[in-house]
Amino acid sequence: MALEQFSDVVQRCEALPNDSYTSDDHNLFTIAGRTCIEEGNSPQVLSIVLDEKNQNIVRSMGWNLLPPLIQVLLKKEDKNLPQCLSIFNHLLETCRPKELLIGLLEQLEHDDPDRIAESLHLLLNPLQNGSQYL
């Protein structure tokens with residue numbers, strides 16, 4: 001169900017001009033994308049995220065997928081770890097650094113105090129490399 005919703009919102013947003021996505025589009029993308037990752041549908045999410053026609057959507061909304069990706073990457077035991085790492089790396093290359101920073105801050109706000117350092121370390125180097133765009 002979440003995978004269908006994720007595909008649907010991405011398809012609908014493809015037809016919209018850049019950055020004219022509604023708050024409903026952002027919410028659906030976030031909820032469905034996060035649920036897909038949490039349910040183990042990372043290979044399908046990866047193919048959607050890498051699709052060239054979806055890059056404007058990923059650039060604008062992809063940072064919303066960071067929290068579930070960080071959780072999988074920190075566990076280091078998930079069967080979809082390679083796909084999650086690929087999604088994560090693509091988001092770091094594609095998303096605007098400012099949105100990535102917002103995503104990191106939101107992640108840290110909800111993180112377990114014992115995991116904050118790990119989460120911060122995971123994003124610190126990519127944020128440093130993109131800091132000239134902030």
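The following questions and answers go through a predicted model of one chain.

Residues are numbered from 1 along each chain as its sequence is written. Local features need pLDDT of at least 70, side-chain atom pairs count only at pLDDT 80 or more, totals for chains, interfaces and linings use all residues, and side-chain values use heavy atoms, with hydrogens and water left out.

Visitor: Which helix has the highest mean pLDDT, and which the lowest?
Guide: pLDDT is the predictor's confidence in each residue, from 0 to 100. The chain averages 84, and 89% of the residues score at least 70. Helices here are DSSP runs (H or I, at least four residues), numbered from the N terminus. Among the elements of the chain, the highest mean, 96, belongs to helix α3 (residues 42–50), and the lowest, 65, to helix α8 (residues 116–130).

Visitor: How many disulfides does the structure hold?
Guide: A disulfide is counted where a pair of cysteine sulfur atoms lies within 2.5 Å. By that test, the number of disulfides in the structure is zero.

Visitor: Is C13 buried or exposed?
Guide: Buried means under 20% relative accessible area, exposed over 50%, and partly exposed in between (1.4 Å probe, protein chains only). C13 has a relative accessible area of 1%, so C13 is buried.

Visitor: Which residues does D25 contact, leaving aside its neighbours within four places in sequence?
Guide: D25 is part of helix α2 (residues 23–38). With a relative accessible area of 4%, D25 is buried. Contact means heavy atoms within 4.5 Å. Beyond its sequence neighbours, the contacts of D25 are V9, R12, C13, L16 and M61.

Visitor: What do the buried residues of α2 pack against?
Guide: α2 has 16 residues and reaches 22 Å from its first C-alpha to its last, close to the 22 Å expected at 1.5 Å a residue. That expected span is 1.5 Å times one less than the number of residues. Its buried residues are D25, F29, T30, A32, G33, C36 and I37. They pack against α1 (2–14), α3, α4 (55–61), α5 (66–75) and α6.

Visitor: Which residues form the aromatic pair?
Guide: Rings of Phe, Tyr and Trp (its six-membered ring) pair if their centres lie within 6.5 Å; planes under 30 degrees apart count as stacked, over 60 as edge-to-face and the rest as tilted. A search of the whole structure finds one pair. It is tilted, at 5.0 Å centre to centre and 45° between the planes, and its members are F6 and F29.

Visitor: How far apart are the C-alpha atoms of F88 and L46?
Guide: F88 lies in helix α6 (residues 81–94). At 3% relative accessibility, F88 is buried. Along the chain F88 and L46 are 42 residues apart, while their C-alpha atoms are separated by 9.3 Å.

Visitor: What distance separates the end C-alpha atoms of helix α7?
Guide: Helix α7 (residues 97–110) has 14 residues, so at 1.5 Å a residue it should span 20 Å. The distance in the model agrees with this, at 20 Å.

Conventions
Helices (H or I, at least four residues) and strands (E, at least two) are DSSP runs, numbered from the N terminus.
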